[in-house]
Amino acid sequence: MAGLELLSDQGYRVDGRRAGELRKIQARMGVFAQADGSAYIEQGNTKALAVVYGPHEIRGSRARALPDRALVNCQYSSATFSTGERKRRPHGDRKSCEMGLQLRQTFEAAILTQLHPRSQIDIYVQVLQADGGTYAACVNAATLAVLDAGVPMRDFVCACSAGFVDSTALADLSHVEEAAGGPQLALALLPASGQIALLEMDARLHEDHLESVLEAAARAARDVHTLLDRVVRQHVREASVLLGD
Amino acid sequence: MLKSKTFLKKTRAGGVMKIVREHYLRDDIGCGAPGCAACDGAHEGPVLEPQPLDPASSLCPRPHYLLPDTNVLLHQIDVLEDPAIRNVIVLQTVLQEVRNRSAPVYKRIRDVTNNQEKHFYTFTNEHHRETYVEQEQGENANDRNDRAIRVAAKWYNEHLKKISAENHLQVIFITNDKKNKEKAIEEGIPAFTCEEYVKSLTANPELIDRLACLSEEGNEIESGRIIFSEHLPLSKLQQGIKSGTYLQGTFRASRENYLEATVWVHGDTEDDKEIILQGLKNLNRAVHEDIVAVELLPKNQWVAPSSVVLHDEGQNEDDVEKEEERERILKTAANEKMLKPTGRVVGIIKRNWRPYCGMLSKSDIKESRRHLFTPADRRIPRIRIETRQASALEGRRIIVAIDGWPRNSRYPNGHFVKNLGDVGDKETETEVLLLEHDVPHQPFSQAVLSFLPKMPWSITEKDMKNREDLRHLCVCSVDPPGCTDIDDALHCRELENGNLEVGVHIADVSHFIRPGNALDQESARRGTTVYLCEKRIDMVPELLSSNLCSLRCNVDRLAFSCIWEMNHNAEILKVRFTKSAINSKASLTYAEAQMRIDSAAMNDEITTSLRGLNKLAKILKKRRIEKGALTLSSPEVRFHMDSETHDPIDLQTKELRETNSMVEEFMLLANISVAKKIHEEFSEHALLRKHPAPPPSNYEILVKAAKSKNLEIKTDTAKSLADSLDRADSPTFPYLNTLLRILATRCMMQAVYFCSGMDNDFHHYGLASPIYTHFTSPIRRYADIIVHRLLAVAIGADCTYPELTDKHKLADLCKNLNFRHKMAQYAQRASVAFHTQLFFKSKGIVSEEAYILFVRKNAIVVLIPKYGLEGTVFFEEKDKPKPRLIYDDEIPSLKIEDTVFHIFDKVKVKIMLDSSNLQHQKIRMSLVEPQIPGISISADTPNMDIDEPERKKKKREK
């Protein structure tokens, strides 16, 4: 039997999207009352929850405190029930640690850390269901959570993945498309300035194609921004209705 | 715009796993019909015709589109490919099912879809909001798909009503499944079976023959007698193979005996094993090249390979008993010692059926519509086809495809695909030999042609980027007469410092063929241009091969130049490569160039340039031969064609002039220089050509043959072989040296392309060069295009692309190129053989002198120098008493009665055309001198009837 056809001659992907289209995104802010900020996002079947504490005093060893800016601490975990087969270890494995570091890099670039020297900001992200593009979902959820916590940022950080199939760049890969083994690129963008907070790819892709894939990922990240912006405005409107008269 | 729907799927991946996938339904998928306001602007690609008028069908006179289901597509693709069938809607459901079930059909349907004249539209129904169907409880996948197809057909009919209420466009559902059809009609969808529809096309009666005969009724009528045992299902076969009860292998039918075949078992541990299958029932409907599972029979049923030649002559279904009798004859002939593992086919793992060329054997009953088809390849069984145009197809070469082989049928069932033309007709025979050698020769598709440059073409500013202007140089080309694809040109001039500048300019084909596009893919698939006797099958479209890339004189052309600075001793001081633009001053033939060099009166720039080149070439050649390059010989012939009829009127062996070797010498030099350069730059993925040294055992025949003439041939190195060949001369027998060289050629290995990262032996034995590649003929060889691209990247004149630096992709490409080159060679030889036949047909019976090339146990192989023709004379024939034959392996010689034949002996043979078998005409030759009673024939038997069954001693062309 032939393998899956990722992109049909008519230009449709396995799940019916066109090359540049995102999956359906739904998000909510302020899902938990105890935390300083929290958010929940669904990108297709990928579902992630982010919680933010801080800025607050350094917990644990005081030596970790930075004199000129806040420490961003990120922890990533994915639920044991997030994939088709039950996972053994929800966090602390190599992949989770790496993801945590990437998230930290991303948010150190976006949060105005110099406003809170000698303090700490904790971002905890958990993936409830994984269907491709977990990094992107985590970043998007964390952005909303950080906004919800009222931590000052340069801009939204919007992330999206992109792949390359049959000389066409595909935006926002699903699990099936990721599993097919082509190159995959993850991009976190500050949409207003167009600055890149993080760009990561660990497969071989010819230099000539990099530009088109990058372009597809950036366009998708801007689309994500539009949606997140709408979610934030909606949330603020609701909150002000509750607060105000 | 997006509606999301999630559904669950279970798959088997070791265990059961739950898979959740999203499935988006869209409302922006167009219906493909032009002028549809509802889906305006949504259609892309090929679109259906607004008013499909033809083909006129008596069943549905209104304009309509067709909507076939999966089985129709799978089995009746030959019908759908016919130009008469247009405006077909292919559903995504159907396409996916086809893709999972048959890759070749999928490829064909994609080709058809891409052909804009066919107006095929692929409708993505699975993602359309209104045509998506969810699997219901208790419904299997097949039923769901059938329902999805019906829903789509219904949607189409309602949708089309909206746009054109007055002219009533219809969509007709084509299915061969009875239940499906009934359900469709119940739901109000006009539905027909493929057969009904095709028969209703009154304007195109010939389509009926292309229908694959799968109708169930047909099978019912046939006598229910079951001949073959059932094939086991695939799952059982796999179990059996795992446990070792069955063996998997490739089925190879015997050419000689239709009741016998062998199966090559590819074992992991032991070497390839051969299993014999004998008898119709044990062969159990396997066809040549199928992958089958066999079961070994107990040892007491093992048989020996029979030496009997049996051809299937039967016409009737009922002579199965006779068949069994024949099988018994085979078995009694067995000899205890020669018994080999014997088995029977229990199941087919993979069919490798392709369309077969052959001829129709018309049924004896005049009105019968069922006829047997005899393929040209003897290993393929005869195929039963149904046709009404039998009398029109008689004596024609036709193509037939197999549809199936039911258990109760002696022959497989098939259907007529194409009529190639009359037997013996030059065009038809050429087509047959191209098909049989798998040479792609269809005209270039629209997609390929779309990548050609637009005419009128001229060199632009952009083209001159990274390119040197060498138009001022006095460049000329030297080629055989009538050559239109000139891919090389040369120049030579004296520099101010007294040295010589020599340039080889090769057509810059890679400028026009950009990596990865359809044109590139097609050229890579073809691999090489095939030169037949009167025809050329181009690798690239004619606009490129004979015009834009051809370095014709007095026009500006793009080239890839290799320029050396040499001293007068032909030592290379400097070499550089550059893309360039040139303007050839003259296109000469070898003879013209030779004349210019020789005539003292001419002293123009071109002539001086040629003289300089010739001088250098001589030095280069001498140096090359000193290094041990071989000069080999093969009898090459050229036909003189009649300019009107293109029939061969005379043949002659090729003549070699100094200028031939002059051009050759510089081409070799360029190839070697380029090989060095690209290997230096890309040590892992340079495309090179190697010629391995033959194993010493290959030379045995040559050494023995020379010994019989008291000559010694040394074969330890190429150099000693070349030297001893030069010394091997006999004053009384001037042709001996050529004969020895012909023999030496037979000992050689094939030269092959390879990727430098996949191999470490680069040596080219025949040219005595440590490294070699092909650079000089990009118009006719794809390998050269790749080498051009590599070199262009190496000198920074062009950009690279991923496939170029992927050594596995390159190795795959080399494999295809080697295969195509081999097939092209075979096709060329077959073409020469066919033209030799034509020549002797017109010439009648002739007697010629010949030399013995090989001596076999029961035959001699002779070569006729005048025609470069080679053939075997058998001294044993059935229906005749065997002569006394004594074979001596050492000398080698063959004694027949009292006459002894040695290798290189001169004999006289009679040549004639044997057309007793219309499908396999051959040249036959018979011995005239020396005379052996009962064996040889007299030189002047004028009225020998060549169709006479009692033939005299003949010689058969290989």
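This briefing covers chain B as a whole, then a sheet, the cores, a helix and some single residues.

The model is predicted: local features need pLDDT of at least 70, side-chain atom pairs count only at pLDDT 80 or more, and totals for chains, interfaces and linings use all residues. Residues are numbered from 1 along each chain as its sequence is written, chains are lettered from A and ligands numbered from 1 in the order in which they are written, and side-chain values use heavy atoms, with hydrogens and water left out.

**Chain B overall**
- Chain B has 25 helices and 38 strands. These are DSSP runs numbered from the N terminus: helices are H or I, at least four residues, and strands are E, at least two.
- Of the 958 residues in chain B, 52% are buried. Buried means under 20% relative accessible area, exposed over 50%, and partly exposed in between (1.4 Å probe, protein chains only).
- Take contacts in chain B between residues at least 6 apart in sequence: 68% join residues at least 24 apart. Contact means heavy atoms within 4.5 Å.
- The accessible surface of chain B is about 45300 Å², and 50% of that belongs to carbon and sulfur atoms. Areas come from the Shrake-Rupley method with a 1.4 Å probe; for residues, only the protein chains shown count as cover.

**A three-strand sheet in chain B**
- The order β33-β34-β35 (chain B) forms an open sheet with antiparallel pairing. Its edge strands, β33 (885-888) and β35 (899-902) of chain B, each pair on one side only.
- Neighbouring strands of this sheet are turned by 15 degrees against each other on average, direction ignored. Axes are lines fitted to C-alpha atoms, for helices over the stretch in contact, and angles run from 0 to 180 degrees between N-to-C directions.
- Four bridges join β33(B) to β34 (residues 893-896) of chain B. Two strands pair if DSSP finds at least two bridges between them.
- Asp888(B) has Ser893(B) in β34(B) as its bridge partner.

**Nonpolar cores**
- The largest nonpolar core has 89 residues. Leu544(B), Trp564(B), Leu610(B), Met662(B), Phe666(B) and Ile786(B) have the most contacts inside it.
- A second, separate core of 61 residues includes Ala39(A), Ile41(A), Val157(A) and Ala162(A).
- A nonpolar core is a set of buried Ala, Val, Leu, Ile, Met, Phe, Trp, Tyr and Cys residues joined through side-chain atoms within 4.5 Å.
- Leaving aside neighbours within four places in sequence, the contacts of Trp564(B) include Leu500(B), Val502(B), Ile572(B) and Phe666(B).

**Helix α3 of chain B**
- Seven of the 10 residues in α3 (residues 92-101) of chain B are buried. Among them are Gln92(B), Glu97(B) and Arg99(B).
- The cover over these buried residues includes α1 (70-75), α4 (103-114) and α5 (141-163) of chain B.

**Single residues**
- Asp15(A) lies in the segment before β1 (25-29) of chain A. Asp15(A) is buried, at 5% relative accessible area. Beyond its neighbours within four places in sequence, Asp15(A) contacts Ser174(A), Glu22(B), His23(B), Tyr24(B) and His127(B).
- Cys97(A) is partly exposed at 43%, and Cys562(B) is buried at 0%.

**Backbone exceptions**
- Most residues other than glycine have a negative phi, and most peptide bonds are trans.
- The bond from Gly54(A) to Pro55(A) is cis, with omega near 0 degrees. Pro55(A) sits in β3 (residues 46-57) of chain A.
- Ser167(A) has a positive phi, near 60 degrees. Ser167(A) is in the loop between β6 (158-165) and β7 (168-171) of chain A, and is exposed at 64% relative accessibility.
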